Amino acid sequence: MSEATNTNKEKKPPLNGRRALPPNNSNDEENEVPEMEAFGLIPRGFNRKDYLHVVDINMFKEPHEINKQQHHTDKYYSPKLIVRRGQTFQIQIDFNRPYKPGTDQFWLEYLIGRYPQQNKGTYIPVLVGDVLKPGEWGAKITHKENNSIRLSIMSSATCIVGKFRLYVAVWTPFGILRTHRNSANDTYILFNPWCQQDAVYLDDEKEREEYVLNDVGIVFHGNINDIRLRSWSYGQFEENILDACLFLMDKAELELSGRGNPIKICRVASAVINSRDDNGVIAGSWDNTYTYGVAPSAWTGSVDILLEYYSSKQPVRYGQCWVFAGVFNTFLRCLGIPARLITNYSSAHDNNANLQLDFFLDDEGKVDTKITKDSVWNYHCWNEAWMTRPDLPVGFGGWQVVDGTPQETSDGMYRCGPASVQAIKHGHVCFQFDAPFVYAEVNSDIVYSRREKNGTQVIEKIDTTHVGQLIVTKEVGRDGMMEITEEYKFQEGSEEERLALETAVMYGVKKQTTQDTLYQPQTDVEMEFQAQKAVLGSDFKVTITFRNKSRNYYTATAYLSGNIVFYTGVTKNEFKKHSFSAKLEPYASSTFDVVIKSSEYMSDLLDQASFHFFVTARINETGKILATQKATVLEIPSLRIKTQGEMVAGKEMSVTVEFTNPLKQTLQNVTLRLEGPGVLRTMKKEFRQIPMNSTLIWEVKCIPNRPGLRKLIASLNCDALRHVYGELNVQIQKS
């Protein structure tokens, strides 16, 4: 009776008429497992001690022991056994007496969730046999000594990924005896890129070391003309991160039986990484005000974000695309899915998915921001995850695009992917998921058009090469940049590229025709725009060059508009207007310089020090318009990191971060962050102010716990200055 009242107190999930059991979608919840499962009445004299019973189980779960070494899980900061599926692992069982194979019968039981069922893969009985079949559950005795036996256990290569509870069951004539619940024997089972039968199998050892085992990476940012890079600490092996990643799947309410499938996991994770519509991990903010939260540029890695979310269950503020991608990468690598962070320079955000970004010009040739809804992001970061795609025709496995940044909804939620990179390249955008959106991000045309007084729309310029000019990721085994544009698209202007586009259009990507609008560009005059590289806080100049390739004499009325923009290409305000007239001699070039003063931009500058210049010029004799645009980024000063003394695992060392304020103003309320997986947990320090030209020095003491080549990453953040980073590679010796 007492048991019944107990269960009533628990909130029972409502049953519906369609299913016998409630959904089993929490790895955290458990069921009661009886230690004695009687076959009928138990005779009076029954004593379980008379039968074979388990005294102890040794899981060989230390980092230096066989299991974690063979399964490449020795870096996880966890006291429990962590293995990869489809590969054997060892345990030892100590009984109360020697095991007799003829008469004694025992088996193992692995359970996950609150409603374990054998047909769902959430209750797994593992019988002891003579042979282990590759990639199928089974156990085999490899060694017997006194009262102990050593077992080799093979898990299924399609097994659910998560935390399983282990019981040993012994058969007796009167019932089944089980070991009691012991969380020390919990076993985490992960994806296995080393196993040929696993859906995430990757055949190159160097790539596995990079895409699964490397816990730091590089984020490429800036813009196409000025590529910047910064380090990011993924920290997938740090304490509690694995549990935090499993919690994300619980949060997304992914049925446990679906958690062996990397396609499903990626799809639900791309929704739960952002907070839109499901209270997910990170709240995005692109408006330059980060009250009550951390500015996206201040984060140095994923660990703080995941741990804060795991404990508070509330979205962590704030992120932008590289933060979503950094945390997503941690999640994928932590579970064992090979993953990399990608940057697409000049990334199209096409609101009506017509493969065309429409920029509308007003009478003066300025972009009309009221009706221009599309934007070109200076860069956009997403992830690629490696897996087979049995749901698609042969040939579309391999790298898949997944994107956790909330841009557009997919099946009613803010998520994107997995979309096959191969399908995007060849224009086969009919294959799930969200391929048309990703295709547009790397392939859209920019169309500048202007409405005449009589209502006809005149196209002034079509730019087919601006979007998706460069797609990059970190090199394998090194910190350099690897270009992967050719994985996504054929050479601009090639026959294959045309074919891929026609294929994409055939499969329903909308492509507006320009037949209904007039398009007669001025072909005999070219206009170019260059911006001088400049350090934040200094003056710089921009140069407009006209080339008259005809024998005609022309005059032009030109207009330069300088805008401060978010890295998403959305304008905050226009800080520079400059009109001028130009005389264009036949067969000659003319150059015009415009000086941009720091006083014109400093007060409104946004956190990525990003400008966007539009130049439009009307050729007076023909009435035709030339238009060009360019994004440019200021050089931001960096932090210097130094170390003192010897660097040995387990011994105290000292790290110093230095920064000199280059601006003509005092920096207020400055936050410094420093982290390095395996060397130190994230540390923060606030400074009230840093006067101009003065240098700040911050010294920290730490005790590194992992030998090898590690990376220290620091960031500085305040309202006037963001995206200030520093990093240092350090070699930690064995103690």
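## Strands, helices and annotated residues

User: How many bridges pair S27 with strand S28, and in which sense?

Analyst: Keep in mind that this is a predicted model. S28 covers residues 540-548, and its pairing with S27 is antiparallel.

User: What about the open sheet of four strands: which are its edge strands?

Analyst: The order there is S30-S29-S32-S33, again with antiparallel pairing. The twist from one strand to the next averages 15 degrees. The strands that pair on one side only are S30 (571-584) and S33 (625-633).

User: In S30, which residue is the bridge partner of Leu 560?

Analyst: S29 spans residues 554-565 and runs antiparallel to S30, with 12 bridges joining them. Within S30, the partner of Leu 560 is His 578.

User: Are H4 and H7 roughly parallel or roughly perpendicular to each other?

Analyst: H4 is residues 241-251 and H7 is residues 321-335, and their axes come within 10 Å. They cross at roughly 105 degrees. Angles of 65 to 115 degrees fall in one class, so H4 and H7 are roughly perpendicular.

User: By class, what residues make up the contact of H4 with H7?

Analyst: On the H4 side you'll find Ile 241, Leu 242, Cys 245, Leu 246, Leu 248 and Met 249. They meet Thr 330, Phe 331, Cys 334 and Leu 335 in H7. Sorted by class, that's nine nonpolar, one polar and no charged residues.

User: What is the largest C-alpha distance among the residues annotated as "active site"?

Analyst: The annotation comes from an unreviewed UniProt entry and covers Cys 321, His 380 and Asp 403. These residues are spread over 83 residues of sequence, yet they cluster in space. The largest C-alpha distance is 10.0 Å.

User: Is Cys 321 buried or exposed?

Analyst: Cys 321 belongs to helix H7. Beyond neighbours within four places in sequence, its contacts include Trp 286, Trp 377, His 380 and Tyr 567. The cut-off for buried is under 20% relative accessible area. At 0%, Cys 321 is therefore buried.

User: And Asp 403: buried or exposed?

Analyst: Asp 403 lies in strand S19, residues 398-403. Setting aside neighbours within four places in sequence, Asp 403 touches His 380, Arg 415 and Glu 441, among others. Its relative accessibility is 2%, so Asp 403 counts as buried.

User: Last one: which residues form the covered face of strand S38?

Analyst: S38 (residues 695-702) is joined by eight bridges to S35 (residues 653-660), and the two run antiparallel. In that pairing, Phe 659 stands opposite Leu 696. The uncovered face of S38 has Thr 695, Ile 697, Glu 699 and Lys 701. Its covered face has Leu 696, Trp 698, Val 700 and Cys 702.

Methods: Residues numbered from 1 in each chain as written. Predicted model: local features only at pLDDT ≥ 70, side-chain atom pairs only at ≥ 80, totals over all residues. Heavy atoms only, no water. Pairing = 2+ DSSP bridges. Axes fitted to C-alpha atoms, helices over the stretch in contact; angles between N-to-C directions. Parallel < 35°, antiparallel > 145°, perpendicular 65-115°, else oblique. Contact = heavy atoms within 4.5 Å. Nonpolar A, V, L, I, M, F, W, Y, C, P; charged D, E, K, R; others polar. UniProt positions renumbered as here; feature names shortened; annotations may be inferred. Buried < 20%, exposed > 50% of the residue type's maximum accessible area, 1.4 Å probe, protein only.
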